[in-house]
Amino acid sequence: MKKSYVIGLDYGTDSVRAVLLDAHSGEEIATDVSYYARWKKGRYCEATKNQFRQHPLDHIEGLEKTIKTVVTQSGVEADAIKGICIDTTGSSPLPLDKQGTPLALLDEFKENPNAMMVLWKDHTAIKEANEINELSRTWGGVDFTSYEGGIYSSEWFWAKILHIAREDQQVKAAAYTWMEHCDYMTYMLCDDQDLNRFKRSRCAAGHKAMWHQSWNGLPADEFLNQLDPYLTKLKGQLYSETFTSDQVAGYLNSTWAEKLGLSTRTVIAVGTFDAHAGAVGAKIEDNTLVRVMGTSTCDIMVTENKVLQDQLVKGICGQVDGSVIPNMIGLEAGQSAFGDVLAWFKDVLSWPLHNLVYNAQSLEETQVQLLKKEVEDAFIFKLSQMAENIPLDQSIPIALDWVNGRRTPDANQELKAAVMGLSLGSKAPHIFKALVNAICFGAKKIVERFEEQGVRIDTVIGIGGVARKSPFIMQTLANVLNKPIKIAASDQAPALGAAIYAAVAAGIYPDVISASKELGSAFEAEYHPEADQIQLYQTHMDFYSKLADFIEHEVTNQ
């Protein structure tokens, strides 16, 4: 039998990675990663005002580099590569002109942050999100946030666009339409460049743009008009239909086929979000919670329509028919910061190194570089090792994980983190342990919300860098959740899931479920709750809940 191959392309916060997959055996034939050059330099970002933008050239250059590399490394013939699917972070919208060109690629906008992709973690639109929420509850019509957990977030599509439109009249005037990152990268590769015919992602539209079948697509003109007439005009240049990622968006256009060394017969699947693709790569099924754990987390579940019926799960990031597996409801939750909480603490501790030690006149440049590498390699490992050995009945501070606001349950990006219980005995490992506990307690709040709403969780699957690299965090999480956690073996579960969608779109498999069972990741480890630790963690969790309630209601609202 002649072999067939597919490519999954996964855009994360810091890099893009490609996986070339044998579509029959599931073997990962070749992989490659490209880091975003402009993003790495911190361009177009201002962390103090929660502005995080990315230039589309980082993504375009990364696509070309990674796909060409895996094709070359594999030696696979162009005709044997049957499909490509792209997943990205989200909501990460990008403004385009009438020709479908990102504004940031035009000379007049090439250095304008408002013309860049507004990254998922950008929280400059808090005011606009608050307006959307207030209007949704008071305008007298349908609550268009109801299938998105009942609270619209500043991380999402309409809030971000409204903020940019108010802040930058030039961008507002030049933007004919906006696309989610996953949609634009897919559109760029497709042969049909008609913006009106392009198939937009069901996953992106349903979870972030208030799209739902029951109100025939996007929110009503009357609703959008009360926010800003610009949104009503823009809606006419967006879409009404959406498509699941097992569907064909188009075929690879001749320009990109030549650049990548591929065939114009290669199918391009409808785009999706990284966490949802990751869940498919991890063989998600009923009553399974898949936690995609990196800088932030996305928590994904699927369930049959008949299980939820008309029930709405409150305070999550949406329930969307087909966003993960066609004909099943996809449920999304998550934490705005997970690995980022620990990265923040590392940055705090590293300040004297970068500002004093590495600049010391007594050190040669070669010594500085060697010292930097030694410290970087050991930093988190040593903190984890020391923190793991601190008994829970010692004086461990209590911390909140809200360094980037709270995504779920009940989105509130205005919340800030806090630490309680510091003493003269609180050393760096004690605070690190408190932060690890905090991110796990934040995860427990999500699990509790699902279960309170009648969504049963039997199995937890961890994917992503944190899941594979930190046994300390995973064991803590198992103890806090009081559930076993299986770890997916693949380094590239979202890219693997995207490749699975591509295999279905290309007609190699009849549906996503059968393709996922055949091609999805194996599991390399399993963490079980430790009986003697469960109650101790629950006691700390109770203090976390009290601190969270105090900060949210007694401090933030002052």
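This is a predicted model: local features need pLDDT of at least 70, side-chain atom pairs count only at pLDDT 80 or more; totals for chains, interfaces and linings use all residues.

Visitor: What makes β12 and β18 paired strands?
Guide: Two strands pair if there are at least two bridges between them. Strand β12 (residues 288-293) and strand β18 (residues 459-463) have five bridges, in the parallel sense, so they meet the criterion. As one example, L289 has V460 of β18 as its bridge partner.

Visitor: Where does this pair sit in the sheet order?
Guide: The order is β14-β15-β13-β12-β18-β19-β20, an open sheet of seven strands with mixed pairing.

Visitor: Why are β14 and β20 said to stand at the edges?
Guide: β14 (319-321) and β20 (523-527) each have a single partner strand, so one side of each lacks a neighbour in the sheet. Between neighbouring strands of this sheet the average turn is 25°, direction ignored.

Visitor: Which strands does helix α11 touch?
Guide: Helix α11 (residues 274-281) packs on the sheet and touches β12, β13 (297-303), β15 (329-335) and β18. Its direction makes about 60° with that of β13.

Visitor: Which residues touch the most other members of the largest nonpolar core?
Guide: They are L331, L400, F432, F450, I473, M474 and L477, in a core of 63 residues. Helix α15 (residues 428-452) gives the most to this core, with 12 residues.

Visitor: What is L331 in contact with, beyond four places in sequence?
Guide: Its contacts include I300, M301, L308, V313, F450 and V455.

Visitor: How many residues are in the other core?
Guide: That core, which lies apart, has 45 residues, among them L9, V71, Y176 and L260.

Terms used:
Residues are numbered from 1 along each chain as its sequence is written. Side-chain values use heavy atoms; hydrogens and water are left out. Helices (H or I, at least four residues) and strands (E, at least two) are DSSP runs, numbered from the N terminus. Axes are lines fitted to C-alpha atoms, for helices over the stretch in contact, and angles run from 0 to 180 degrees between N-to-C directions. Contact means heavy atoms within 4.5 Å. A nonpolar core is a set of buried Ala, Val, Leu, Ile, Met, Phe, Trp, Tyr and Cys residues joined through side-chain atoms within 4.5 Å. Buried means under 20% relative accessible area, exposed over 50%, partly exposed in between (1.4 Å probe, protein chains only).
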